[in-house]
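Hello,

Here is the structure I promised to pass on to you. My notes on its charged side chains follow below.

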Amino acid sequence: MKIDLTETTSSKINQAMVSARRSIGTPAIGMVLTLVIVTDEENAYDALKAASDSSREHPSRIIAVIKRVSRSPRARRDARLDAEIRVGSDAGSGETVVLRLHGELANHAQSVVLPLLLPDAPVVVWWPEDAPADPAKDPLGALAQRRITDTYSAEHPLDELAVRAATYQPGDTDLAWTRITPWRSMLAAALDQQPAEVVSATVEGESDNPSCELLAMWLADRLGVPVERTLSGGPGLTAVRMETKNGVIVLDRADGSLATLCMVGQPDRAVALKRRETAELLAEELRRLDPDNVYASTVKFGVERLGGPTQASSVGSGQKAPAAAGAGAPAAKKAAAKKAASK
C-alpha cells in the first residue's frame, strides 16, 4: 500500500501510518530499529531498494530524507513537506516513509524526523553519498547510535579517509570497511592454520579504492609490520601477500568473485570471495549497534601516510610519513661523503 501526502506534517504522517497498518491487518509495530537515509532524488531509488532488501533480515522503519533544492529565492523561503508512505508488500518487512523537504525546511530535517522515530528503538543514519564531514555533529547524525558513511562514493575517496579519521566518534562506520570483512576473516583464518610470525605484507588493488587502504592499515595496525600498497586494474581488491618466517601466504582474487588461497605445505584452495551488493553490506552493519573499536583503530592508523591514487603507498607500524619519505637520506649522505673523499 502507498499513501501520498502533500503539504503535510509529521503528526499527519504518523496518523496515516497507523491507519495504513490497520487497513492491512497489522496494527502492532514489529520493527527493531529506525533507519534514516539521507540522500537525493538521483540516488534515492537505489538506497531505498538496498534498505528494503536489508529489512528482510532487520525489520525496520525506513525514513528517507530528500532535500529538494529550490531554484528561486521565493521558493527557498517557502517551507513544505511532502511524504510518501509505503507499508505491506511495498515496504519489505517493515514500513517506509519518503520525506521530501522543500525550502527552509530542508535546513531543519531533524525536527521532521524526530517525531517519526520508533519509540525505545535504536536509530541508524546512513548517508549513501555526500556524507557530512563530522557525522556525529550533524543534526540528524546526533539522533543516532550508529552512523554509516561510504568513502567509496566520495569524489576523492582517499582524502575522505583522512576526514573520517579526524572526526571519528564511537558509532561511526564506513561501508568501505564493511566490504573487506570477508578478506579479514579469510586472512585471520589462514594465519590460524599456519601460525608463523609475519614479517611484511602487500595489498594489491585498484586506485581510489579506500577498502584497499583500510585493509593495508588493518594489517599494519594488527600485525605491527610494514605493509606495501600496490596498484592493479581491479576490480576492487585483487590480492594480499603476507611474508612469514615459514613461507608466503597469498590470497589472490583476480576476477572479483573467486579467490585462491596459497600456503606453504598445503594445496591451493578456491575460496568464494565475491563482491557484495549494498543490501548485504547494510545488513551486516545493522547486526551490531555498538562501537566498532577495530575500525576506529584502523582508520586512525597512518591515514596521513596514504599515497596518491596513481602510486603505491607504504604503511608500517610506528613510522611517520616524513620519516618514511626520508628513509634513504642517511645512505645518500654516506654516498655523497664517499664521493667527496675520492676527489
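**Salt bridges**

The side chains of arginine 80 and aspartate 82 form a salt bridge, at 2.8 Å from N to O (the term stands for a side-chain nitrogen of Lys or Arg within 4 Å of a carboxyl oxygen of Asp or Glu). Arginine 80 is partly exposed at 31% relative accessibility, while aspartate 82 is buried at 13%. Here buried means under 20% relative accessible area, exposed over 50%, and partly exposed in between, with a 1.4 Å probe and protein chains only.

Before you read on: this is a predicted model, in which local features need pLDDT of at least 70 and side-chain atom pairs count only at pLDDT 80 or more, whereas totals for chains, interfaces and linings use all residues. Residues are numbered from 1 along each chain as its sequence is written, and side-chain values use heavy atoms, with hydrogens and water left out.

Arginine 86 pairs with glutamate 84 in a salt bridge, and their closest N and O atoms are 2.7 Å apart. Arginine 86 is buried at 19% relative accessibility, and glutamate 84 is buried at 13%.

Another salt bridge joins arginine 287 to glutamate 57, at 2.6 Å from N to O. This pair links distant parts of the chain, 230 residues apart. Arginine 287 is exposed, with a relative accessible area of 52%, and glutamate 57 is partly exposed at 42%.

There is also a network of salt bridges that links Arg21, Arg61 and Glu95. In total, the structure holds 19 salt bridges.

Best wishes

Methods: Helix = DSSP H or I, 4+ residues; strand = E, 2+ residues; numbered from the N terminus.
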